[in-house]
Each structure stands twice: as C-alpha cells, then as structure tokens.
Amino acid sequence: GKMDWEETGGAYKRLELPRKPKTLESATPEQKYWRRFKTSAVTKAYAAVHCVAFSPTSPFDFLTTNSTRVQIYGNKGKTLKRTISRFKDVVYTASFRGDGRLLVAGGEEKDLKVFDTGTGTMLRMLKGHSRAVHTCHFSDDKVHLMSGGDDATVRFWDVSAGDATLTLEGHTDHVRCLASNPASPDVWASGSYDHTVRLWDVRTGGASVMSVNHGQPVQAALILPGGGVMVTAGGNTMCVWDLLGGGRLLQTMCNHSKPITCLAMDGEGGRLLSGSLDHHLKVYDVQEYKVRFSMDYTQPILAMGISPDRNTIAVGMADGLLNVRSRPLKDVTPEQLIKAKRGPKAGTFHYFLRGQSTQADEDDYRVERVRKQRLAPYDKLLKAFNYGAALDAALATTQAQIVASVLQELFVRDAVRLALSGRDDAELVPFLKFLCKHVSDSNYTALLTDTSMVVLDLYTVIIGRSE
C-alpha cells in the first residue's frame, strides 16, 4: 500500500519469509557446553553393560563390565587396553582404587576379586557374601573396601589380610548401591530394595547411624562434595537429603519416565547426572536441582560415568552398547591467555582491523548507510508487478515456504487471479502439483484452499478439454 511505500522511503520492501519460532532456551551457555560432547566411540558387547567406572587418575581410563568380563578402555573409549575374564558368571560391579592401580570386581559369583590394573593379575579373592554382589568400592585409605550384595549385608574388607573386618546388618532386601562420603572417608551410605538408605560409620561398626526412606527400591545413591547432602534414586524419582540436618528431605524430582539406574557427579562443575531406562541422561545443577540439559541414547541406560576432568561421558546400555561422548579439547596455556589480552602490535594487519567488532554504545550517533538491495528473482518480478512470472519463479525454488509467502503477498495485493489466469495446461500443472502436495500441511491448508478456489473459478469451464 501507499503507507508501506512511504515508510520504507520509497524502497521496495523485500518479501519476508516466516521464521521458525525461536525457543527461549535455544542456547544457554550451559547447553552449548553439553552440546559440545560428541560421540567419540561406540562398541557393542554381547551382553548388558552393568557398570561403568572411571579411573581417578590421569589419563582417566574407564572400565566396563559385561557378561563375565571386565574391560578397560583408554583414549576416550577408542582403544581397548585390557580384558579381564577371570570370572565364571556375570560381573555386575567393578571400581578402581584411588590411585588407579588396583580394581575390584564382583557379581553373580559372590566372591570379590581384586586385580592389578596394569597386568590384569588377580591378587586377592574375598569370600563372605552368600549371594550375588552388586556394588563395591575402595576406601580412601587404599587398604579397605566396601561391598553390598543380595544377601542384604554390607561388608567392610581388609584387602591386605583378605577378609571382612565388619559385616553390617540392617537392610532387609538386596543392597544395590554404595556411596562414600567425600568429607569423611569412614562414613558410607548403602541403598537397598527395602526402600531405605542407611548410613554406616566403620569406626563404630554395629548398627547404622542413620536411615532415610526413599519410598521405592533404591538403585543409586551419591553423597555430594562437602558431605552434607545425599541424593538417592529409585523408581523414576530422585530425592535430596540433608544429612547434617538429620536426614531431612530437601527435594524430590521426577524428571524421568522410567526407573533411574545410575547417578554421577561431574568434578567441580556442581552438576549431577542421572541415567534411566527411558534412554535419557539428564544434567541437574545442585543449587536448584533443575534439569539443565538432557541427552538421548538409543537404548535403556544401565550405567554411566563422567571422567574426573569432565571431558568424557561413558554410558553402558541394556543391549550391550557402550557409547562414549567427549568434548573436543583446545589446550590453552596461561601464556596464550596473557597474549590474547594484549592489544595487537602496531603496523600489523590485526592492528589495522582493531575496533571492527566493537559494538556501538546507546548514546552514540549512528550514520545510516543505505545498502543496495539484492533481490531474489521472485522479489524482482513482484517489484515489477509481473505476478504470474513471480509465482513461477517461486515454484522454481521448490521451497514450499517461499511459494506460500509469494501467494500470501499476492492475496494482499489482490493479484491472485491475475497471477493464475491465462495459463495453458503446461503452465498450470506445476502449480496444481504444488497444491496437491502441500494442501494437507497444516501450515498452508487455509492459504492453499483459498488459492484452489481461485483456480477452480478460473478453469472449471475448460477442465477436461486438455489433451
């Protein structure tokens, strides 16, 4: 209209294509960070991957258990360093010692076995559990380890002597997870299918020092750095408990649609990760316990670990897939950072370019620069009021969005009849094909129904006469 013409200073206003609505969350820095994790390795084992655990020491290799083997992977999952197959039955759990030199594994066989990571030699066999073992961890002192099993007991072992110094009783069903307290290495939490998580102090032994009721069979537990907060997972809920406040429930989260199988904490990042049978891995912050990111996998997740340097996430799945995602690393040295802060040297090309990316302040005076418009073919034809050709040019792009936008503009200009009239069958067929193809697309239905009315109006008389 005349108004548009005056508003744009007499310049032709280019046809605007509708943009997809931008979601508010499209890319927070947090999401950009997690999106940088790209799949670096996928391996298929012949049985479910029940456990994934990272070595606490560089180069942060990780182990997985599947069927009757423990496998150690390096180089972000790209190289299989060692396979330990000294088992006669399924291995459910394994973990490294704090220095990464030893690992302990247990499973359906009831006995725990301790291996040298470097050579794969078996050093100890710890007998005591009367049913399958589902969780085991080394203590910080390097000479003890803790284990929990389907016999409802938690046992504290002296590895050098090769026997259990404590058998902790109190659970009434399978014990499925253990968590050590980062702030005091003598305190452990154990989660069980009897819905409770109990805290034990190995200095006193005997009864548990505290117990909380999760309300569903507990599959995973974690005590956060600082030792004051514990997270438990069972069913599709996660509960956050205040340990210093006597086991007060702080928060309950239901973000998965199927049971949660594993929890992990990422180094210093203050992020909590949960994996579930619904194929999702979710990332939470530990201030508000909100989901900050979600990753999709192809199978139900059984086990997961994140490397201490926060660069690798390994996920084990129910059908034997092991998926490793890692961040591409750019090593930045402190010297490079200092260099980056300094301005460019005079006389260099960079010096000549300085200030080009500087943003204008609000009170700066802006000099308007009129750019020559570069128009698409259909825009040129619309500008010249050549409506039929403009529609053909739009059809030639084969993009429904462009054709729809041109039609919309023709309706606004009351020029649809002009654009469609006077065509022979060869000129009309491409447009009819477009109509038939896209009329069922909900975005275009209304527009194309109106257009087809015009076509019928113009051509009913001669339809059927065509050869």
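Here is a short tour, one selection at a time.

Before you click: this is a predicted model, where local features need pLDDT of at least 70, side-chain atom pairs count only at pLDDT 80 or more, and totals for chains, interfaces and linings use all residues. Numbering runs from 1 along each chain as its sequence is written, and side-chain values use heavy atoms, with hydrogens and water left out.

**Stop one: Phe87.** Select Phe87 in the loop between strand 5 (79-84) and strand 6 (91-96); helices (H or I, at least four residues) and strands (E, at least two) are DSSP runs, numbered from the N terminus. Its relative accessible area is 10%, so Phe87 is buried (buried means under 20%, exposed over 50%, partly exposed in between; 1.4 Å probe, protein chains only). Now show its contacts (heavy atoms within 4.5 Å): leaving aside neighbours within four places in sequence, Phe87 meets Thr68, Val70, Ala105, Glu109, Lys113 and Phe115.

**Stop two: Ser139.** Jump to the loop between strand 10 (133-138) and strand 11 (144-149) for Ser139. Ser139 is buried, at 7%. Beyond residues up to four places away in sequence, Ser139 touches His144, Leu145, Phe156, Pro185 and Trp188.

**Stop three: Ser405.** Next, pick Ser405 in helix 7 (residues 400-412). Buried or exposed? At 8% relative accessibility, Ser405 is buried. Setting aside neighbours within four places in sequence, Ser405 contacts Leu15, Glu16, Leu17 and Pro18.

**Last stop: Asp364.** Finish in the loop between helix 4 (349-353) and helix 5 (377-383), where Asp364 sits. Asp364 is partly exposed, at 39% relative accessibility.
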